[in-house]
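Have the model open while you read this one. We'll walk through a few of its details together, starting with a pair of charged side chains.

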Amino acid sequence: MTTATEELLTVPEVMRRLKLGRSTVYDLIRSRRLVSITIGRSRRIPDSAVRDFIAHEREEAA
């Protein structure tokens, strides 16, 4: 759940943080591996969703 104080990231910001391409980030969103919300026509990803994605990937790799 997104809180009022949580930072919402743009797709380019997520691309930089994860060092992934645009298509890959949108594929993660489409496959629901990365949670996002839509505000108007803009896609935003909660900072916690990026942290959760990283944690899940670490668990799978272990």
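## One turn along a helix

Let's start with Arg30 and Asp27: they sit 3 residues apart in helix α2, so about one helical turn separates them. Their side chains meet in a salt bridge, 2.8 Å from N to O. A salt bridge here is a side-chain nitrogen of Lys or Arg within 4 Å of a carboxyl oxygen of Asp or Glu. Helices (H or I, at least four residues) and strands (E, at least two) are DSSP runs, numbered from the N terminus.

How open are the two partners? Arg30 is exposed, at 59% relative accessible area, while Asp27 is partly exposed at 41%. The cut-offs are under 20% for buried, over 50% for exposed and partly exposed in between, using a 1.4 Å probe and protein chains only.

A quick word on what you're looking at: this is a predicted model, where local features need pLDDT of at least 70 and side-chain atom pairs count only at pLDDT 80 or more, while totals for chains, interfaces and linings use all residues. Residues are numbered from 1 along each chain as its sequence is written, and side-chain values use heavy atoms, leaving out hydrogens and water.

## The other charged pairs

In total, the structure holds 5 salt bridges. Side chains of opposite charge can pair when their charged atoms come close. One of these bridges joins Arg17 to Glu7, with the closest N and O atoms 3.8 Å apart. This pair ties together distant parts of the chain, as Arg17 belongs to helix α1 and Glu7 to the segment before β1, 10 residues apart. Arg17 is partly exposed at 42% relative accessibility, and Glu7 is partly exposed too, at 43%.

Then there's Asp47 with Arg51, whose side chains form a salt bridge at 2.3 Å, N to O. Both residues are in helix α3, 4 residues apart, which is about one turn of the helix.

## Two helices crossing

The axes are lines fitted to C-alpha atoms, for helices over the stretch in contact, and angles run from 0 to 180 degrees between N-to-C directions.

From α1, the contact (heavy atoms within 4.5 Å) uses Val11, Pro12, Val14 and Met15, and from α2 it uses Arg22, Val25, Tyr26 and Ile29. Those residues divide into 7 nonpolar, no polar and 1 charged. Ala, Val, Leu, Ile, Met, Phe, Trp, Tyr, Cys and Pro count as nonpolar, Asp, Glu, Lys and Arg as charged, and the others, Gly among them, as polar.

## The sheet and its helix

What order do the strands take in the sheet? There are 3 of them in an open sheet, ordered β1-β3-β2, with antiparallel pairing. Two strands pair if DSSP finds at least two bridges between them. β1 (8-9) and β2 (37-39) stand at the edges with a single partner strand each, so one side of each has no neighbour in the sheet.

β1 is joined to β3 by 2 bridges, with Leu9 opposite Ile45 in β3. Between β2 and β3 (residues 42-46) there are 3 bridges; here Thr38 has Arg43 as its bridge partner, and Ile39 stands opposite Ser42. Helix α3 (residues 47-61) packs on the sheet, touching β1 and β3, and its direction makes about 60° with that of β3.

## Positive phi angles

The hairpin of β2 and β3 has 2 residues between the strands, and Gly40 takes a positive phi near 65° there. Most residues other than glycine have a negative phi, and most peptide bonds are trans.

Lys19 has a positive phi of about 55° although it is not a glycine. Lys19 lies in the loop between α1 and α2 and is exposed at 73% relative accessible area. Arg32, also not a glycine, has a positive phi near 65°. You'll find Arg32 in the loop between α2 and β2, exposed, with a relative accessible area of 73%.
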